[in-house]
Amino acid sequence: MKVMLVGKTGSGKTTLSQILNNEKIEYRKTQMVDYIGEIIDTPGEYLENKAYYKALNVVSIDADIILLIQSATDKENLYPPNFSNMFFGKKVFGAITKIDLETTYGDAEEILESAGVEKIFYLDLKNLKGVGYLKTFLR
């Protein structure tokens, strides 16, 4: 099952991709759409610049599930209301990353809920908290 990761630059998409693919974790800036195993990692600029929404839509054709990523530390909302509707009937879920750095996630939850996600996962990518549950769910 192919999963497309969408989120702001620095939200943890590439790290999550590496974890889900059982790869060594190393920071690298995603410069273009990256297909790794069953994961499609998109550049943050595809969300940050509305002109790239069409590219997200095209890439999503290859995905079964869309996972919108929002860092718990980022209060800025780049997802328009009902953003999930642009993916034409695909399952769209949310993931809040960096939960180890915040004590509450209300802002991130509101952002993802407003974007129209069906379910939210809470992930600490440093300690892998919540990752096992996400992996099981995606199977």
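Please keep in mind that the model is predicted.

Let's start with strand β1, residues 3–7. How many of the residues of β1 are buried? Five of the five, so this strand is largely enclosed by the rest of the structure. As a reminder, side chains in a regular strand alternate between the two faces of the sheet. With that in mind, look at each side of β1: Val3, Leu5 and Gly7 are on one side, Met4 and Val6 are on the other, and all are buried, which leaves both faces covered.

Now, which strands pair with β1? One partner is β3, residues 39–41, which is parallel to β1 and joined by three bridges. Within that pairing, valine 3 has isoleucine 39 of β3 as its bridge partner. β1 also runs parallel to β4, residues 65–71, and here five bridges link the two.

The structure holds one cavity of 30 Å³ or more, and the volume of the largest cavity is about 50 Å³. Which element gives the most to its lining? That is β4, with three residues. By type, the lining has four nonpolar residues, four polar and three charged.

well, let me simply show you. Tyr79 belongs to one aromatic cluster along with Tyr53, Phe83 and Phe87. Across the whole structure, a search finds nine aromatic pairs. Take tyrosine 105 and tyrosine 122: their ring centres are 5.7 Å apart and their planes are at 40°, so this pair is tilted. Tyrosine 105 lies in the loop between β5 and α4, while tyrosine 122 is in strand β6, so the pair ties together parts that are 17 residues apart in sequence.

Are these two tyrosines buried or partly exposed? Tyrosine 105 counts as partly exposed at 22% relative accessibility, and tyrosine 122 is partly exposed too, at 31%.

One last stop: the charged end of lysine 119 sits over the ring of phenylalanine 121, at 5.5 Å from the ring centre.

Note on methods:
Residues numbered from 1 in each chain as written. Predicted model: local features only at pLDDT ≥ 70, side-chain atom pairs only at ≥ 80, totals over all residues. Heavy atoms only, no water. Buried < 20%, exposed > 50% of the residue type's maximum accessible area, 1.4 Å probe, protein only. Helix = DSSP H or I, 4+ residues; strand = E, 2+ residues; numbered from the N terminus. Pairing = 2+ DSSP bridges. 1 Å grid on protein atoms, 1.4 Å probe; cavity = no way out; pocket = protein on both sides within 12 Å on 5 of 7 lines; lining within 4 Å. Points joined across faces, edges and corners; volume = space filled by probe spheres on them. Nonpolar A, V, L, I, M, F, W, Y, C, P; charged D, E, K, R; others polar. Phe/Tyr/Trp six-rings, centres within 6.5 Å; stacked < 30°, edge-to-face > 60°. Lys NZ or Arg CZ within 6 Å of the ring centre and 35° of its normal.
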